[in-house]
Amino acid sequence: MKIGLFFGSFNPIHIGHLIIANTMAENTHLEEVWFVVSPQNPFKKQKSLLHEFDRLDMVEKAIQDNYKLKTCDVEFHLPRPSYTIDTLTVLQEKHPDHEFGLIMGGDNLSHFHKWKNYEQILEYFRLYVYPRPDSRPSDLDKHPKVSFVESPLMSISATFIRKSIKAQKSIRYLVPESVDLYIKEKRFYL
Ligand SMILES: Nc1ncnc2c1ncn2[C@@H]1O[C@H](COP(=O)(O)OP(=O)(O)OP(=O)(O)O)[C@@H](O)[C@H]1O
Ligand SMILES: O=C(O)c1ccc[n+]([C@@H]2O[C@H](COP(=O)([O-])O)[C@@H](O)[C@H]2O)c1
């Protein structure tokens, strides 16, 4: 099976992530998209980073009615910070029959040359990139293993959502209703 691995902090998951995952599942050869929740991005040190279990719960609530979308908590059991090459090695060993590709936003492609063993990732895995406003052009834009999936640009970010919650503003429509209710119930990001 062809699986797209969508790595992220998802702090919290928002409709941008869901549109990206669905676009990839519908418009590429990928048959399923797995949301791989990362406990700790090597480049991000955030005070407002929720526990990984809470972020995973929100992803589960957001994707429950779409059979092509799944969650993956493999990085919960791996050393921190979460280096993608190590996770890919573990996943490929666990699932030798699956063909994995990586899904990311254009902002992550611009910084991809700083990732651990990025050349090795590109040797073995295809990258499916969703364009993001203000992403800087990258030398990898035309790499044979990199495919841009053309789709409408979205300015939405988890940072904007966290700021809105702190400022007591509604985040209705920016996240699925189930996630909005859960954030309110748990008083996250206040
Ligand atoms: N609006 C968007 N357009 C394109 N890609 C996006 C968008 N939002 C998130 N992504 C991509 O989704 C993946 C996970 O992103 P992440 O969980 O960091 O969300 P974020 O909104 O960028 O969060 P934050 O604002 O906290 O940095 C990354 O590959 C990121 O590039
Ligand atoms: O492996 C690396 O060197 C590396 C460097 C930066 C980011 N990543 C991963 O990229 C994913 C996107 O992170 P984020 O926080 O932008 O959602 C997340 O899974 C990180 O662990 C991985």
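Val179, Asp180 and Ile183 are buried in helix H7, residues 177-186. Seen down the axis of H7, these buried residues fall within an arc of 105°, so they line one face of the helix; the arc is that of the directions from the helix axis to the C-beta atoms. A residue counts as buried if 20 or more other C-beta atoms lie within 10 Å of its own, as exposed if 12 or fewer do, and as partly exposed in between, with C-beta atoms placed from the backbone. Helices (H or I, at least four residues) and strands (E, at least two) are DSSP runs, numbered from the N terminus.

This is a predicted model, in which local features need pLDDT of at least 70, side-chain atom pairs count only at pLDDT 80 or more, and totals for chains, interfaces and linings use all residues. Residues are numbered from 1 along each chain as its sequence is written, while chains are lettered from A and ligands numbered from 1 in the order in which they are written.

On the other side of H7, Glu177, Leu181, Lys184 and Glu185 are exposed. The buried residues of H7 pack against helix H2 (52-63) and H6, contact being C-beta atoms, placed from the backbone, within 7 Å. Arg187 follows H7 and has a positive phi, near 55°.

Strand S5 (residues 126-130) has 5 of its 5 residues buried, so it is largely enclosed by the rest of the structure. Arg126, Tyr128 and Tyr130 cover one side, and Leu127 and Val129 the other. In a regular strand the side chains alternate between the two faces of the sheet. The pairings of S5 are tabulated below; strands pair if DSSP finds at least two bridges between them.

| Strands | Bridges | Direction | One partner pair |
|---|---|---|---|
| S4 and S5 | 5 bridges | parallel | Ile103 and Tyr128 |

Definitions and conventions. Two residues are in contact if their C-beta atoms, placed from the backbone, lie within 7 Å.
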